[in-house]
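Thanks for making time this morning. I'd like to walk you through one model, a few places at a time. Have a look first.

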Amino acid sequence: MTGASLGARESFSGYVTTLASVVRRSRTQLEQALGFAPGALTAGFVVYALDDPVGFADFEWKDQTTYSDGWHYDPSIGEYVQRQDELRAHWGKRNNYDEHATDARLQQIMSRHFMRLNVRVGPERIVKVVAKQRISAFPDSPLRGIPQWKLRVKKAFTQIADVAPGQMLT
């Protein structure tokens, strides 16, 4: 954290979500929603809004924060798998293992995510939450519906909030 002020521009890669996913949540609720270790936001946090366009190859879909880094335990095989691999398997079965049809369906799904990642206004705008202290772990979130994407390349963001300890983003 550089101590920058509102309106300051920074470049980041890594995890992003929507503004609607982070507003009006207490520190504890936000830690849970984002899959941050308990206490990770005790010192406060900074919220940045994504400015740059996101290209189709610039991101990885990581589903929801319910799945830390997109990993999900599959009890049928006794291993952790990426949600994107589970999605491919699901659509492969639904398409009778027709790879062309499966790839076309996955392309449609990823195109919707590509469009979501390029929203720059309103509650669905893309933001990055940066803790003011080091985060020790990223457990699965107990909540559903909090989208997460991982930017593979650095993009420009503008600081839109500096939230003090004990405060929430409104």
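**A short tour of the model**

The scale is simple: buried means under 20% relative accessible area, exposed means over 50%, and partly exposed is in between, with a 1.4 Å probe and protein chains only. Asp69 sits in the loop between strand 3 and strand 4. The phi of Asp69 is near 60°, a positive value in a residue other than glycine. Most residues other than glycine have a negative phi.

Two words on the ground rules. This is a predicted model, where local features need pLDDT of at least 70, side-chain atom pairs count only at pLDDT 80 or more, and totals for chains, interfaces and linings use all residues. Residues are numbered from 1 along each chain as its sequence is written, and side-chain values use heavy atoms, with hydrogens and water left out.

Back to phi. Asn96 also has a positive value, near 55°. Asn96 lies in the loop between helix 2 and helix 3. Is Asn96 buried or exposed? It is exposed, because its relative accessible area is 68%.

Helix 2 has 12 residues. From first C-alpha to last, helix 2 reaches 16 Å, close to the 16 Å expected at 1.5 Å a residue. That expected span is 1.5 Å times one less than the number of residues. Which residues of helix 2 are buried? They are Arg83, Glu86, Leu87, Trp91 and Gly92. The buried residues of helix 2 pack against strand 3, strand 4 (71-74), strand 5 (79-82) and helix 3.

Keep Arg83 in mind. Its side chain makes a polar contact of 2.6 Å with the side chain of Asp63. A polar contact is a pair of N or O atoms within 3.5 Å; within protein, one must be able to donate a hydrogen and the other to accept it, and residues adjacent in sequence count only if both atoms are side-chain atoms. Asp63 is in strand 3. Asp63 counts as buried, because its relative accessibility is 10%. Leaving aside neighbours within four places in sequence, Asp63 is in contact with Arg83, Ile146, Pro147 and Gln148. Contact means heavy atoms within 4.5 Å.

Pro147 comes up again. Its backbone oxygen lies 2.6 Å from a polar atom of the side chain of Thr17. Thr17 lies in strand 1. Thr17 is buried, because its relative accessible area is 5%. Beyond neighbours within four places in sequence, the contacts of Thr17 include Leu34, Ile146, Pro147 and Trp149.

Now the pockets. A pocket is an open set of points on a 1 Å grid over the protein atoms alone, where a 1.4 Å probe fits, with protein on both sides within 12 Å along at least five of seven lines; lining residues have an atom within 4 Å of a point. The largest pocket has a volume of about 380 Å³. It has 20 lining residues, and the closest to its centre are Tyr15, Leu34, Phe36, Phe138 and Gln148. Which strand gives the largest share of that lining? Strand 6 does, with 5 residues. By class, the lining of the largest pocket has 13 nonpolar, 5 polar and 2 charged residues.

The second largest pocket has a volume of about 180 Å³. Its lining has 13 residues, and Phe59, Trp61, Gln84, Met110 and Arg152 lie nearest the centre. Strand 3 (59-64), helix 2 (83-94) and helix 3 (99-116) each supply at least two lining residues. By class, this second lining has 5 nonpolar, 3 polar and 5 charged residues.

One last stop: Val54, in the loop between strand 2 (45-50) and strand 3. Val54 is buried, because its relative accessible area is 3%. Not counting residues up to four places away in sequence, Val54 touches Phe59, among others including Phe114 and Leu151. That's the tour.

Terms used: Points joined across faces, edges and corners; volume = space filled by probe spheres on them. Helix = DSSP H or I, 4+ residues; strand = E, 2+ residues; numbered from the N terminus. Nonpolar A, V, L, I, M, F, W, Y, C, P; charged D, E, K, R; others polar.
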